[in-house]
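Colleague: I would like to learn how to read a model like this one, feature by feature. Could we start with the backbone and then move on to the rings?

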Amino acid sequence: MLASAVRSAALGPLLDAVLSVDAAGVFKTSPRTYALVTAALDCAPEEVVFVSSNRWDVAGAAAFGFSAVWVNRAGLPDEYAELPPAAVVADLSGILGL
């Protein structure tokens, strides 16, 4: 399913890796899911900019040590003030300057 979505959106050439939580055997917000990124890209959490429209996912990524960006298209209130995002943008064009 994931490979098909990447192909359909023609994103393959833009991506370094396509990862699935299936490899961790658990669901987000388990730290093991975010560790897939650091293992696959051989990097530290603080070197990763993680972008999601799901605030719960941004909170999990921030807790793991990623610089997490929340794409808040609907202007929703923040439900996880204790795990703030590094930035909040209204749409994906807002990440270009980060």
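Predicted model: local features only at pLDDT ≥ 70, side-chain atom pairs only at ≥ 80, totals over all residues.

Colleague: What is phi of aspartate 42, and where is the residue found?

Modeller: Phi is near 50 degrees there, a positive value in a residue other than glycine. Aspartate 42 sits in the loop between H2 and S1 and is exposed, with a relative accessible area of 73%. The cut-offs are under 20% relative accessible area for buried, over 50% for exposed, and partly exposed in between, with a 1.4 Å probe and protein chains only. Alanine 10 also has a positive phi, about 55 degrees, although it is not a glycine. Its place is the loop between H1 and H2, and at 53% relative accessibility alanine 10 counts as exposed.

Colleague: Which peptide bond is cis?

Modeller: Look at the bond from lysine 28 to threonine 29, where omega is near 25 degrees. Threonine 29 lies in the loop between helix H1 (2–8) and H2.

Colleague: Now the rings. How is a pair of aromatic rings described?

Modeller: One uses the distance of the centres and the angle of the planes. For Phe, Tyr and Trp (its six-membered ring), centres within 6.5 Å make a pair; planes under 30 degrees apart are stacked, over 60 edge-to-face, and the rest tilted. A search of the whole structure finds 5 aromatic pairs. In one of them, tyrosine 34 and phenylalanine 64 are tilted, at 6.1 Å centre to centre and 35 degrees between the planes.

Colleague: Why does that pair tie together separate parts of the sequence?

Modeller: Tyrosine 34 belongs to helix H2 (residues 31–41) and phenylalanine 64 to helix H3 (residues 55–64), so the pair joins parts that are 30 residues apart in sequence. Tyrosine 34 is buried at 1% relative accessible area, while phenylalanine 64, at 22%, counts as partly exposed. Tyrosine 34 also pairs with phenylalanine 66: the centres are 6.0 Å apart and the planes at 85 degrees, so this pair is edge-to-face. Phenylalanine 66 lies in the loop between H3 and strand S2 (67–71), 32 residues from tyrosine 34, and both residues are buried. Tyr34, Phe50, Phe64 and Phe66 form one aromatic cluster.

Colleague: Which elements do the buried residues of H3 pack against?

Modeller: They pack against H2, strand S1 (49–52) and S2, where contact means heavy atoms within 4.5 Å. The buried residues of H3 are Arg55, Asp57, Val58, Ala59, Gly60 and Ala61.

Colleague: And the whole fold: in what order do the elements run?

Modeller: From the N terminus on, the order is α-α-β-α-β-β, with 3 helices and 3 strands. Buried residues make up 27% of the 98 residues.

How values were computed: Residues numbered from 1 in each chain as written. Heavy atoms only, no water. Helix = DSSP H or I, 4+ residues; strand = E, 2+ residues; numbered from the N terminus.
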